[in-house]
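Please keep the sequence and the structure in view while reading.

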Amino acid sequence: MKHTKIRGLVAATESTYNTAANFNGSDAIVVDDDIEITPLEGETLQRKNIQPYPGMRRQFTVNQAVKISFSVELATSGAAGTPPRWGRLLKACGWSSTVIANTSVAYNLLNINQAIESVTLVFEQDGTRHVATGCQGTLKLSGKLNDFAKITFEFMGNYANPIDTSMLSPSWANQAAPLPVAYGNTTELMINSWSGACLSEFEIDLKNELTKRNLANCSEQIKITDRNAEGKLMIEAPALADQDFFSHAKNSAVIPISFKHADASGGKVAITIPNFNVRPVKYTDLNGVVMLDVSGGLLPSSAGKDELSLLLTGP
C-alpha cells in the first residue's frame, strides 16, 4: 500500500538537454500540497484496418510526455545574492539570472530562440520514482489577501519508465519562510505612477506555449515556442481623479505597474511590469467595499524580452 502524503519533488539543471542531471536530496524543492503528475500522456492513434465484426481497433499512445504541476511559496532564498531553490525552475521557463554577490538576484526573460535551460524533475510517491528529462515549462505568479503569494509551475518533460526505489532524503535550503499578502508585507505598489492603490489580489500568467517534438531521425524535445503574458489586479475602486481606469480601458492605455512582496527573512521580491495594456475593467465586491478587477496584457517593448522582471534583494 502506498500513501498519498508520502511524496517529494527534486529538480536539477541539465548540462546537456534531455540527459538526466545528477540529482540527490539536496535538490529537493519546497512545494505546496497541490502537486500533480500525469505520468504518461499523449495522443491516441487507432488502427483503421477493416474487420468482419464490430469492435475497437488497437490504439497506440504517440507523442508521449510527462506533465507535472505544483506551487512554491514566493520568497527569496533568505540570503542576499543567493538564488532561491526555485530559481532553476524559473530558468527552465525561459528566464535568465544575474547574481550580484551579497546583494541581489535578478531574473529577466529570454527570447524563445535563445538557449533556455532544462531541468530533470524527479517525482517520488512512496517508493515509486518518476524521472522526467528535458523539462521546460510555464508559470503563474499569484497572491490573495491573507494568503501566501506563490508561483505555480506547469512543466512538460520526456517520459522514462518509473522505478521502485527508496525515497531520497530531502535537504531543503535557500527558501525563506513566506509572509501572506497583507499590509506591511506587500508594498510599494505603483500603478501608472500612482501609489495609492489598495490591493487584495494579483495574478501574472506567463502563458508560455509548450510543444512536444519527436521528429523522425531526430531527438525528443520539449520546446517553448511562444509567450503571451497577461495579468490582473484586484484593487479598491479609487476616485477617478486619482486614477481613471475606465479611461485607461477605453483608450487601451499602456501603463507601468510594480510592487514588492516580503518574506520572513526580510528579503523582498520586486515585480515589475513596464507595459500593462489595460482591458475593460469590472466592478466586484470585497466585504461590502467596491473593488475593481483590472486585467490586461503584458507587452514587450521594441527591444523585447522585458514584459516582466523579478528582483530579489535582502535581507
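## A salt bridge between Arg-279 and Glu-230

The side chains of Arg-279 and Glu-230 meet in a salt bridge with an N to O distance of 3.1 Å, the term being used for a side-chain nitrogen of Lys or Arg within 4 Å of a carboxyl oxygen of Asp or Glu. Because Arg-279 lies in the loop between β16 (268–278) and β17 (282–286) while Glu-230 belongs to strand β14 (residues 230–236), the pair ties together parts that are 49 residues apart in sequence. Arg-279 counts as partly exposed at 35% relative accessibility, and Glu-230 is likewise partly exposed, at 24%; buried means under 20% relative accessible area, exposed over 50%, and partly exposed in between (1.4 Å probe, protein chains only). Helices (H or I, at least four residues) and strands (E, at least two) are DSSP runs, numbered from the N terminus.

## Basis of the model

This is a predicted model, in which local features need pLDDT of at least 70 and side-chain atom pairs count only at pLDDT 80 or more, whereas totals for chains, interfaces and linings use all residues. Residues are numbered from 1 along each chain as its sequence is written, and side-chain values use heavy atoms, with hydrogens and water left out.

## Further salt bridges

The structure holds 10 salt bridges. One of them joins the side chains of Lys-91 and Glu-117 at 3.6 Å, N to O; this pair links distant parts of the chain, with Lys-91 in helix α1 (residues 87–91) and Glu-117 in the loop between β5 and β6, 26 residues apart. Glu-117 is partly exposed, at 29% relative accessibility.

Glu-188 and Lys-260 also meet through their side chains in a salt bridge (3.5 Å, N to O), and here the partners sit in strand β10 (residues 186–191) and strand β15 (residues 254–262) respectively, 72 residues apart. Both are partly exposed, Glu-188 with a relative accessible area of 46% and Lys-260 with one of 27%. Together with Lys-268, these two residues are linked in a network of salt bridges.

## Strand β5 and its partners

Strand β5 (residues 104–109) is mostly covered, with 5 of its 6 residues buried. It pairs in the antiparallel sense with strand β4 (residues 95–100) over 6 bridges, where pairing requires that DSSP finds at least two bridges between the two strands. Val-99 stands opposite Val-105 in β5, and in the hairpin of β4 and β5, which has 3 residues between the strands, Asn-102 takes a positive phi near 60°.

Strand β5 is also joined to strand β19 (residues 309–313), again antiparallel, by 5 bridges; in this pairing Tyr-107 has Leu-310 of β19 as its bridge partner.

## Two buried residues

Glu-124 is found in strand β6 (residues 119–125) and counts as buried because its relative accessibility is 4%. A polar atom of the Glu-124 side chain lies 3.1 Å from the backbone nitrogen of Leu-168. Not counting residues up to four places away in sequence, Glu-124 touches Ile-6, Arg-7, Gly-8, Arg-129, Ser-166, Met-167 and Leu-168, contact meaning heavy atoms within 4.5 Å.

Phe-155, in strand β8 (residues 150–158), is buried at 2% relative accessibility. Leaving aside neighbours within four places in sequence, the contacts of Phe-155 include Val-66, Ile-68, Phe-70, Leu-89, Val-119 and Leu-121.

Terms used: A polar contact is a pair of N or O atoms within 3.5 Å; within protein, one must be able to donate a hydrogen and the other to accept it, and residues adjacent in sequence count only if both atoms are side-chain atoms.
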